[in-house]
Amino acid sequence: MLRFDNPDGGVWKQGFDISYHGNEWDKEPLEVFVVPHSHNDPGWLKTFDDYYRDQTQHILNNMLLHLAQDTRRKMIWSEISYFSKWWNDIDSQKRDTVRRLLRNGQLEMATGGWVMPDEANTHYFALIDQLMEGHQWLEANLGVKPTSGWAVDPFGHSPSMAYFLKRAGLASMLIQRVHYAVKKQFATKKTLEFYWRQNWDPASSSDMMCHMMPFYSYDIPHTCGPDPSICCQFDFHRLPGGRISCPWRIPPQPITDHNIRERSLLLLDQYRKKSRLFRTGVLLVPLGDDFRWAESSEWQNQFNNYQRLFTYLNTHSELHVKAQFGTISDYFRALRNRTARTGINLPVLSGDFFTYADRDDHYWSGYYTSRPFYKRLDRLLESHLRAAEILYSLTLAEMRRAEAGGVSGYRGDFPAGEAYQLLIVARRNLGLFQHHDAVTGTSKDWVVMDYGKRLYHSILALKEVLVNSAHWLILKDKAAYRHEPSSAFLQMDEVQPSQDTLPKKTILTVGRASRMLVVYNPVSQKRSAVVSIYVDSPAVRVVSMETGQPIPAQLSAVWAEPTRMSLKAYKLSFIAEVPPLALVLYHLLHAPDKDDSTQRANYTFLARDWQESQSIDTGPFKASRLQGDEANAPLVLANAHIQTWTSPSSGLLEKMKLAGDGLERHVQVRFFWYGTSPNHDKSGAYLFLPDGEAKPYSASLPPQVRVTRGPVFSEITSCFQHFTHTLRLFHVEGLEGHSVELSNLVDIRSEVNRELVMRLVTDVASGDHFYTDLNGFQIQPRRTLAKLPLQANFYPMTTMAYVQDSNSRLTLLTGQSLGVASLKSGNLEVVLDRRLQQDDNRGLGQGVTDNKLTASCFRLLLERRRRQEKEVALVSYPSLISHASSLHLLQPLLSMAVNPASSAASLPLLPSYQPIRKALPCDLHLLNLRTIQNKEGAGPSDQSALILHRKGFDCDVLNTPAHLHCGTTHGELDLDNMFTSLSVHNLQRVTLTLMHPENESGNDAGDSDSRSHHVKLEPMEVRTIQVQIG
């Protein structure tokens, strides 16, 4: 166990003194690779476009000029978002120079993703998508396939990223921001270079060679060796007379004949000391920083002075050193050669590198929640992109099928090319937001707004793709399709007025004529779930177009204020049964006869003394007040699967019970405030530095509590000053009935230096152990350590966290990334929003004060376990129900209404579109069906990337698979029998991002016959298959 202490290490403040004898390199010379790089944030203190205009384009232009002058000069680049923008601006001659530099190894594309992504808040769909977008751009424009990863600035590192890079065909990777005590421990044990293995991998198929940089930063003072005051003297951009200097007040000197020996030996001493932290004599020395190499003078000063040093070192054989400029892959190639030749073995490690601290008790756990409004908007764009990709790909596939059968005019004027451009822009905007200063919430206010506008406009664009694709698919006569942008045939039921406001429901007019509603299920398993829309009249009912039968439904009030309902809208909720990836149509019918219309919810209000005089306007709904003894009794909600008890004073959850087996747990929902430290260093966008333990939330007035009871759902809403909290229980036999929905509408804009927390206080005997997900892809066991400060025990929660004991598990599923902790046995707490008035001295230069009215949504799942554990397992998985419930949050049913003003409103429609013959296995997730770009132009090709993930699940959590509408098949899938009428052709097994045939990458294919349409995935495997569907 690490001590996590922080003694003064001398010149290497967070380390120790390093010594050597001098003869260590007599047999094998020290081989040094100095790797020039420029870290270009796609937005941080400036917007993406402003950085490009002011700095990035000049860096890349200078790169062409100065690398071409000397073949010994080298450079790496990683952010393809910038490189692609620059590529569009340069002429064919410069493009030829780029290709030549790539061919001769002077320029390397490292990682090759659209951005250098955050690894804490990002969901694996978006991580893979931005990696694929970058790799596809590189292949199409440069013919380049990256081999090494480069991640110097994400604030902590996830093994998910190592796995995805491995699956994409990369062979090695570099990381930097790791807790200083962990770095010191790794340096002591010489484990800074290791094979990173997934903790669920029983063999070595996931092993990824990884280099961890040992020192404080990736800037030049912290990369040549342990003494930054010396390394800074070899940053020749800081020569006297320039704009920047060395903080240690010893400036660099130009290398001359008079000082070259002294300067060379001083630098070599640092190289040698640094090399003693590693097992081989191959040394990596990055040379760069944020937006470096923008000025021509820097290129000349750095390259000319370093080349003189290298020449001196290399020509003095008694020094036993070979120094040169190199790329990151040059370095890893030499490292592999040295380990193979000398028989040195690198260790194998598993786990993650959260939570990051760069000094003292400064833990970077604040950014797990900062700007939660945009973390939620990120998930909305992600769900819309995935849904649109799949529906668009199916639409084109159906067109190809018809045309292959000799049917002409089948496409109508469907805007395939225009829609594909919208998809590309959305991919890139989602990719841009995965940047480690975007989804993290750590950019300037105006930069956040720029990201928000990009997300917002892409959501609007994807709605166009969705409604156009759905329109074409449900038309009986496809040739009758007409593209009418100004009066679309279908309209999404939600509208978001601007990038910084919450979505609002469209109010559908239900007149004498039937109104049609289309419901789309974007997942590959059948769903029985509640769809809610707003209508303008209570006289309405829902009928299935396919069967003509009425659908169970409920009419509820839309609340303008806690006790005043809207007179313009009513909430219509019905249970939709939708096959996998299907579109199903429903009629909304006018029902003037009250006995024939939808059953209405009843309302109960908890009266308090101060509320007695307040009138309650509930219009056509029955309402009552609870008073006296009734008002002091627990509020009970129940369905066929769960029973809940809530406090009559607050409306907050107190207890849960499973109806099936009687498992009962105290589960109390409570709210707390964290303040910030009274010391000089305070919480900010990155750091969480609280003023001690959280203090209970208290309001000057008790909350207004409203209870809704109905046939489809029941809920309890508590209106506090800073938030509105709702507990909802669905009366559904299917999956939605197995969990409790918790939602919050948070507004802390009136607060100063406060963070609002929702805490679950339970009697689950979890001890100091709990579990959080990494990127929605895998589970990482956690342990709360009393020896660490409170803020160190917070971790990222992308989709879920749970506590468990020998016979129960309580899982909190989340619809947005937030910070989570379990500070006491059985507890889980989530930071909902943060408002902080000051900068935390990490470069941003501002606090977090642009808070919005922010929605957060969760599902609470109580499950019975049957394993009697004696010790905590190193590997854990969610249950199948937990996986499926998470998808309900992240990939909800989407509803679209037929626009009565459209000229096509009277055209005959199909009652449903069902592309899948049967549901995919419960543990097999269709991550994406992504149309690949045409190699000859910017439009779509006839090829798609079918991306599948076989989820690992816990068999010891007792499930009820009948409610999942699917089974398991040991990871096997027959693509020939997957689709109802479509066929799969030209199947190619490829690496994750389509760069290589799978057998060329070194990845284990799982199934040996590359031509077979029978696919088998191992547990946790993510697989991409390139197919033509038609």
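S45 and strand S46 (residues 940-950) run antiparallel and are joined by eight bridges; two strands count as paired if DSSP finds at least two bridges between them. Helices (H or I, at least four residues) and strands (E, at least two) are DSSP runs, numbered from the N terminus. The model is predicted, with local features needing pLDDT of at least 70 and side-chain atom pairs pLDDT 80 or more, while totals for chains, interfaces and linings use all residues. Residues are numbered from 1 along each chain as its sequence is written, and side-chain values use heavy atoms, without hydrogens or water.

**Sheet**
- Four strands form an open sheet in the order S45-S46-S50-S48, with antiparallel pairing.
- Strand S45 (924-933) and strand S48 (984-990) are the edge strands, each pairing on one side only.
- On average, neighbouring strands of this sheet are turned by 25 degrees against each other, direction ignored (axes are lines fitted to C-alpha atoms, for helices over the stretch in contact; angles run from 0 to 180 degrees between N-to-C directions).
- Leu-929 has Leu-946 in S46 as its bridge partner.

**Helix H11**
- H11 lies across S45, S46 and strand S50 (1022-1029), at about 65 degrees to S45 (contact: heavy atoms within 4.5 Å).

**Cores**
- The largest nonpolar core has 243 residues, and Phe-83 and Tyr-271 have the most contacts inside it (a core is a set of buried Ala, Val, Leu, Ile, Met, Phe, Trp, Tyr and Cys residues joined through side-chain atoms within 4.5 Å; buried is under 20% relative accessible area, with a 1.4 Å probe and protein chains only).
- Helix H11 (residues 372-404) gives the largest share of this core, 16 residues.
- A second, separate core of 31 residues includes Val-510, Tyr-570, Val-584 and Ala-601.

Notes:
Buried means under 20% relative accessible area, exposed over 50%, partly exposed in between (1.4 Å probe, protein chains only).
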